[in-house]
Amino acid sequence: MRLDKFISQNLGCTRKETKQLLRQKLIEVDGSTLCTANQQVDESNHITFRGRTLHTPGPLYFMLNKPEGVICATKDSRHPTVLDLLDEPRVQTLHPVGRLDIDTTGLVLLTNDGQWSHGVTSPKRHKIKRYRAHLAEPLIEGVEKKFAAGIMLKGEHKRTLPAQLKRITATEVELSIAEGRYHQVKRMFAAMENAVIALHRLSIGPLNLDSELPEGHYRPLNRHEIESLR
Ligand code: URA
């Protein structure tokens with residue numbers, strides 16, 4: 001890993017701030033301050049900041065209960081992002097795993113482990129995502145079968161994979177889908193001449209949104225939860 005990346009991940013500072021620390025000779029690699037931002041370092045190097053040893057930082061994994069009005073991105077000029085909700089020293093190393101629309105609430109995973117994140121979102125893995133949707137119109141009879149058979153979305157040429165629709169009330173459903181196409185849930189109901197008025201993600205694969213987590217709050221994933229999605 002590059003020295004500047006190691007330092008910014010470890011101290012939670014930007015690459016620009018890291019360069020300043022190097023210029024101020026506050027960083028030592030193997031006892032020398034003659035180090036450069038782009039030099040490669042690994043566990044065999046002894047790296048210090050103001051004399052304190054910096055250890056190779058491990059990957060981070062969180063679940064967030066996303067509120068409305070927040071976007072799944074690392075930066076945005078107009079809206080708060082999911083990263084703005086995290087009070088973590090290494091927050092700028094994190095990214096959201098997949099996306100929810102700005103008006104969708106519920107389970108969002110965040111990590112700085114690119115390989116894990118790819119495993120969760122890869123279309124080949126078909127991880128089931130479960131949503132609770134409130135609909136504008138009552139559900140018509142037999143629509144569950146249409147979802148199970150796959151739906152042709154407007155502008156696409158391939159049906160969606162079989163999806164499981166569970167009726168909760170006439171206008172409230174739980175939908176489980178194995179893909180993550182653009183605005184997929186809203187477009188599936190639009191294809192049925194209905195509309196989603198509120199959407200909430202309940203789970204990704206075996207991982208459920210923690211029912212103790214209020215909107216806008218987050219917590220680290222435990223080892224079992226991390227492994228369950230690998
Ligand atoms: N499907 C949608 O339409 N929106 C989301 O945010 C997630 C799935």
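At 33% relative accessibility, R2 counts as partly exposed, where buried means under 20% relative accessible area, exposed over 50% and partly exposed in between, with a 1.4 Å probe and protein chains only. The side chain of R2 meets that of D4 in a salt bridge with an N to O distance of 2.9 Å; a salt bridge is a side-chain nitrogen of Lys or Arg within 4 Å of a carboxyl oxygen of Asp or Glu. The model is predicted: local features need pLDDT of at least 70 and side-chain atom pairs count only at pLDDT 80 or more, while totals for chains, interfaces and linings use all residues. Residues are numbered from 1 along each chain as its sequence is written, and side-chain values use heavy atoms, with hydrogens and water left out.

**Salt bridges**

- The structure holds 14 salt bridges, one of which joins D4 and R2.
- In that pair, D4 is buried at 1% relative accessibility, whereas R2 is partly exposed.
- D103 and K186 form another salt bridge through their side chains, at 2.8 Å from N to O. This pair links distant parts of the chain, 83 residues apart: D103 lies in the loop between β5 (95–96) and β6, and K186 lies in helix α5. Helices (H or I, at least four residues) and strands (E, at least two) are DSSP runs, numbered from the N terminus.
- Both partners are partly exposed, D103 with a relative accessibility of 36% and K186 with a relative accessible area of 21%.
- The side chains of E172 and R132 also meet in a salt bridge, with 2.9 Å from N to O. Here, too, distant parts of the chain are linked: E172 belongs to strand β9 and R132 to strand β7, 40 residues apart.
- E172 is buried, with a relative accessible area of 14%, while R132 is partly exposed at 26%.
- A network of salt bridges links R130, R132, E172 and E174.

**Nonpolar cores**

- The largest nonpolar core has 32 residues, of which L110, F147, L165, L175, V185, M188 and F189 touch the most other members. Such a core is a set of buried Ala, Val, Leu, Ile, Met, Phe, Trp, Tyr and Cys residues joined through side-chain atoms within 4.5 Å.
- At least two residues of this core come from each of β4 (61–66), β6 (105–111), β7 (129–135), α4 (143–149), β9 (172–177), α5 (184–190) and β10 (196–204).
- Domain 2 (59–125 + 210–230) and domain 3 (128–204) each contribute at least three residues to this core; the domain bounds come from an automatic or database domain assignment.
- L175 is in contact with K129, R130, Y131, F147, A163, Q164, L165, V185, M188 and F189, leaving aside its neighbours within four places in sequence. Contact means heavy atoms within 4.5 Å.

**Helix α1**

- Helix α1 (residues 3–11) is mostly covered, as seven of its nine residues are buried.
- The buried residues are L3, D4, F6, I7, S8, Q9 and N10, and what covers them includes α2, β1 and β2.
- Just after α1, G12 takes a positive phi of about 70 degrees.

- Most residues other than glycine have a negative phi.
- K25, although not a glycine, has a positive phi of about 60 degrees. K25 is placed in the loop between α2 (15–23) and β1 (27–29) and is partly exposed at 47% relative accessibility.
- D30 likewise has a positive phi, near 50 degrees, in a residue other than glycine. D30 sits in the loop between β1 and β2 (47–49) and, at 48% relative accessibility, is partly exposed.

**Cysteines**

- A search of the whole structure finds zero disulfides, a disulfide being a pair of cysteine sulfur atoms within 2.5 Å.
- The sulfur of C35 is 13 Å from the closest cysteine sulfur, that of C13, which is too far for a bond.
- C35 is buried at 11% relative accessibility, and C72 is buried at 3%.
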